[in-house]
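Please view the sequence and the model together before reading on.

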Amino acid sequence: MITFDSCKTLEPHHNLNNAQIRSTGNNVDLLLEKIAKSFDNKPVLKGIDLSIEQHEFVAVLGKSGCGKSTLLRILGGLEQPDSGRILKAGKSYQADKTRVLFQEPRLLPWLNLLDNVTLALPDRWNKEKSRKMAHDILLKVDLQDQINSWPSYLSGGQKQRVALARALISTPQILAMDEPFSALDALTRFNMQHLLEQVWIENGFTVILVTHDVGEAILLADRVVLIEEGIITQNIAIDFPRPRKVRCHTLNDLENDLLDQLLKIKAA
Amino acid sequence: MTLLSIFYRNRAGWFLPAGILFLWEIAVYTNFISMRFMPSPSSVALAAMQKILSGELFIAICISATRAFSGLLIGGLSGFGLGVLNGISHNFRAYTDTTLQMIRNIPHVALIPLVIIWFGINENAKIFLVALGVFFPIYANTLLGIQSVDPHLLEMGFVYRLSRFQQFFKIMIPGALPSILIGLRYALGVMWLTLIIAETISTSAGLGYMTMQAREFLRIDIVVLIICIYALLGKLADSIVRFFERRLLAWHPSFQLERVS
């Protein structure tokens, strides 16, 4: 098989139980300690402990309602945790260098792509410079020709690419994503995953990807975190070389294991 | 895109009025309709010529339009301002909305006796009535527009650390604009209606005054002429708003569909 050699370094039976837990402490950039959050006295997060290294790609898996989106909203500054704390490089965490990519693109329909992308840019008053920046970032997502179009002319995948460009233009330290590709068709999703991996490698920010798609998590992430009923139950390093292929056997084994775990939660 | 081209685009809409005018002329000409009840279009046109040449019509239109637009400006701006305030501030709405809804349910024309006692029959009385009339459609639609701005977009603005100023001018106002413009178009209708009523009841100049005088002298052609002028002014004001709608809402998918078809 052509695709097999990309994962030949791995043992053929990669199992959840002997998957190595990534050792933490060396290069920890973002540290979440006992994060808890309730809505209407219903606990959603019951003490999340997580450390994330700089430039790490972490996928947060879980079934719907497990609290993974709440965790992301806390990181984006949209919610405050009831208890616990977040440290960034040892200091109290501020969300202002974090950009959130939502499930929907959330572009402003009355602004063209140029104005949408430069919306939050501090030098947007410098027309020359901001136009240049917008052009460069739209070039990355291959939409530079549509710079003067309104979002309503774009397809769903194109809109999500603009949203990605808008997040990237302000050089975020953390990119937090809430199932950003789940509304896209399979082919577009595949392209977007590839694009995301590319810009992540190029730009060196930290990615926290919330998803319910096990395949997506394994394809992209350095580490997969599984949240069950408000706590982290699995924290698995994925040390496969990149670029990863979808049809790789060892990846499939791991995917099956994780999927079994997820389905087990659902049955319980 | 000019106003004229909009006029041209809507040319289909003018066939019916032209046909009615033609039938009407024939009906009067053949004495099917008596001249005493209904002047023929040609006699109305003649009256129009007279009034235009004497300059009376122009002055009357200017006076009436000044009243109308002063009222629109005052009532519209305060309606817009309160709509925005109540749309943004929950507390402010809690305190004022009930009161405003109560006042809204009084037909503003019912206040004419009071207004005459307060202001007499001078300009202020008419401007006050027009302002009161246009206030509510603009207030209600601005409030509705601000409230219906997609909360997802506001959340996005928060995540991207937009200032309050930016949140307001980049997200709230553009998001509320379609609704605000609908309110404005509705308000224009109320504006002419209120003005006509106010001018018919008490006035010493303007289009309404011309109508009342013409009625006393049984100049039915002038009465009909002024009714036509009202129709034209109303249509003109509406066309201006539609023109701005097309310019300001060009991003809106429904306007793009119109452009394609």
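## Ser92 of chain A

In this predicted model, Ser92(A) belongs to strand S5 of chain A, which covers residues 91-92. With a relative accessible area of 55%, Ser92(A) is exposed, because that value is over 50%.

Leaving aside residues up to four places away in sequence, Ser92(A) touches Ile86(A) and Leu87(A). Between Ser92(A) and Asp260(A) there are 37 Å in space, C-alpha to C-alpha, and 168 residues in sequence.

## Confidence in chain A

Chain A has a mean pLDDT of 82, and 88% of its residues reach 70 or more. Residues 1-25 of chain A, however, have a pLDDT below 50; in the model this stretch makes 43 contacts beyond near neighbours in sequence. Where pLDDT is low, predicted coordinates should not be read in detail.

## The interface of chains A and B

At the interface, 26 residues of chain A are in contact with 19 residues of chain B. The two chains bury about 2,100 Å² between them, and carbon and sulfur atoms give 63% of that area. On the side of chain B, the most area is lost by Val159(B), Tyr160(B) and Trp251(B), together 32% of what that side buries.

Two salt bridges are found across the interface; in a salt bridge, the side chains of Arg73(A) and Glu155(B) meet at 2.9 Å, N to O. There are also seven residue pairs in polar contact. Helices H8 (151-159), H9 (164-201) and H12 (253-260) of chain B each supply at least two residues of the side touching chain A, and H8(B) gives the most, with six residues. By class, that side of chain B has 11 nonpolar, four polar and four charged residues.

Notes:
Residues are numbered from 1 along each chain as its sequence is written. Chains are lettered from A and ligands numbered from 1 in the order in which they are written. This is a predicted model: local features need pLDDT of at least 70, side-chain atom pairs count only at pLDDT 80 or more; totals for chains, interfaces and linings use all residues. Side-chain values use heavy atoms; hydrogens and water are left out. pLDDT is the predictor's confidence in each residue, from 0 to 100. Contact means heavy atoms within 4.5 Å. Helices (H or I, at least four residues) and strands (E, at least two) are DSSP runs, numbered from the N terminus. Buried means under 20% relative accessible area, exposed over 50%, partly exposed in between (1.4 Å probe, protein chains only). Buried area is the accessible area (1.4 Å probe) that two parts lose on being put together, summed over both. A salt bridge is a side-chain nitrogen of Lys or Arg within 4 Å of a carboxyl oxygen of Asp or Glu. A polar contact is a pair of N or O atoms within 3.5 Å; within protein, one must be able to donate a hydrogen and the other to accept it, and residues adjacent in sequence count only if both atoms are side-chain atoms. Ala, Val, Leu, Ile, Met, Phe, Trp, Tyr, Cys and Pro count as nonpolar, Asp, Glu, Lys and Arg as charged, and the others, Gly among them, as polar.
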